[in-house]
Amino acid sequence: MARVLTGIQSSGRPHLGNILGAIVPAIQLIEQNSKEESFIFIADFHSLTSQKDGAIRKQNTLAVAAAWLAFGLDIEKTVFYRQSRIPEVAELSWYLNCFAPFPMLANAHSFKDKSSRLADVNAGLFTYPVLMAADILLYSANLVPVGKDQLQHLEMARDLASTFNHTLEEEILTLPEARIAEDVMTIPGTDGQKMSKSYQNILDIFLPEKELKKNVNAIITDSTPLEEPKDPDTCTVFKLYSLMASPAQTQALRAQYLAGNFGYGHAKKELLDLLLTKFAAERARFDFFMNHPEEIETRLIAGEEKARRVALPLLNRVREKLGFL
Ligand code: ADP
Ligand code: TRP
C-alpha cells in the first residue's frame, strides 16, 4: 500500500506544464492506487516566495484547485487541501531546517536557477526544499508524482528524513519516493525554456478562446520564410503539439513542416485547434468552478479536516521526541 501525495504552487495560473507534468499523471496514479487515500494540495505557502499579493494568491489558489477538479480529481479517494490551512507544516519545516546542511540547500539546482533569474532572492526561496520535505513527511507519503525538475527536491526530502531518523535513533519519518512520468518531458514554454509560472512563458489552456489564440501566437519561432521547409525538431510549436496529438496527427504535421509552404502561423492554428478540441470538457468544467468558488471551498474544507487528522499525530511524535511536549 502506498500513499500518494503531491502539490502545485499557487504562484500563478495553472499551465500546460503543470497539467501534463503533474495533474494528469497524478490523477492516473491515484486511479491505479485505489486502496489508499491520496493527498493533493495547493502549495500556497510556497507561492509566497515569489508572489507577495494576497488577493492574487487567493485567485491563483482557486484556479489551481479548479484545474485539479476540471481534470477529474476524485475527492472521494483524495484528501484535497490548501497547505496553509494545516499550518503545522511550518512547524515541522522549522525542525527540519535544523537538520538541513547548508551546502545541500546552497547547491540545489532550482535555487541556483531561480536565484539567477529572479530579482527577489529571499530566504524562503533558499529553504523552499525544506518546506517541501515537511509537506511530504508530515503525511508519511510514500509516492510523490512530480515533474523531472523536482527530482532533486525529492532526494533532499529523503536525505532529511533519513538524517532525522538516524540522529534521533527512531524511524519516525517515512522515506518518500519520486514518481516521474517518464514519457512526459519538461514542457517548454512560449520562449522555448521550461514552462513555469515564475518565467512569464506559460500556455494557459483555460483562457477564453480569443486570449488563448494570442497566447499560442506568442510562442517564439525562428524566421525561416513561409515557403521553405522547417525543422520540426527545433520548433516549440511542434513540440507542444506532439505532446498532445495522436501519433498520426504528429506525423501529418511533421510532413507539413518538411514539405515547405507551411508557415508557423499555420502550425500555431493547428496547435490552437488541438487545445480547443482536446480540452473542451476540462475548459468547461474549469469555468464552472471558477464561477462557483463556493463549490471549490466546500471540497477544500472537507479535505482540510481530514488532512489535520493525519498531520497532528505525526507532528506530536516529532514534538515529543525533540522535547517540546
Ligand atoms: P511552476 O514552475 O510553474 O511554478 P510548480 O513549481 O508549481 O510550477 O510545479 C508544479 C508541478 O508541475 C510539479 O510537479 C512540476 O514538476 C510540474 N511542472 C511545472 N512546470 C513543468 C514543466 N514545464 N514541464 C513539466 N512539468 C512541470
Ligand atoms: N515544489 C513543487 C514544485 O514547484 C511544489 C510542491 C511543494 C510539492 N510541496 C510539494 C510537490 C510536495 C510535491 C510534494 O513543483
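The count of cavities of 30 Å³ or more comes to 2. A cavity here is a set of points, on a 1 Å grid over the protein atoms alone, where a 1.4 Å probe fits but cannot get out. This is a predicted model, in which local features need pLDDT of at least 70 and side-chain atom pairs count only at pLDDT 80 or more, while totals for chains, interfaces and linings use all residues. Residues are numbered from 1 along each chain as its sequence is written, and side-chain values use heavy atoms, with hydrogens and water left out.

**Stop 1: the largest cavity**

Select Ala108, Ser110, Phe111, Lys114, Leu125, Phe126, Tyr128, Pro129 and His153, which line the largest cavity; lining residues have an atom within 4 Å of a point. Its volume is about 50 Å³, a volume being the space filled by probe spheres set on the points, which are joined across faces, edges and corners. Helix 6 gives the largest share of this lining, 3 residues. By class the lining has 6 nonpolar, 2 polar and 1 charged residues. Ala, Val, Leu, Ile, Met, Phe, Trp, Tyr, Cys and Pro count as nonpolar, Asp, Glu, Lys and Arg as charged, and the others, Gly among them, as polar.

**Stop 2: the second largest cavity**

Next select Gln9, Ser11, Thr49, Ser50, Lys114, Leu118, Leu125 and Ser198, the lining of the second largest cavity. This cavity has a volume of about 40 Å³, and its lining divides into 2 nonpolar, 5 polar and 1 charged residues.

**Stop 3: the largest pocket**

Now go to the largest pocket, with about 840 Å³ of space. A pocket is an open set of points with protein on both sides within 12 Å along at least five of seven lines. It is lined by 45 residues, and Asn18, Gly147, Asp149, Gln150 and Lys194 are the closest to its centre. Elements that give two or more residues to this lining include strand 1 (5-9), helix 1 (16-32) and helix 9 (151-168). The lining holds 18 nonpolar, 19 polar and 8 charged residues.

**Stop 4: Asp135**

Finally, select Asp135 in helix 8 (residues 128-137); helices are DSSP runs (H or I, at least four residues) and strands likewise (E, at least two), numbered from the N terminus. Asp135 is buried, that is, under 20% relative accessible area with a 1.4 Å probe, protein chains only. It has no salt bridge, and the nearest side chain of opposite charge, Lys114, is 12 Å away. A salt bridge needs a side-chain nitrogen of Lys or Arg within 4 Å of a carboxyl oxygen of Asp or Glu. Asp135 touches Leu5, Phe41, His46, Gln83 and Val89, leaving aside residues up to four places away in sequence; contact means heavy atoms within 4.5 Å.

Conventions. Chains are lettered from A and ligands numbered from 1 in the order in which they are written. Buried means under 20% relative accessible area, exposed over 50%, partly exposed in between (1.4 Å probe, protein chains only). Lys and Arg count as positive and Asp and Glu as negative; His and the chain ends are not counted.
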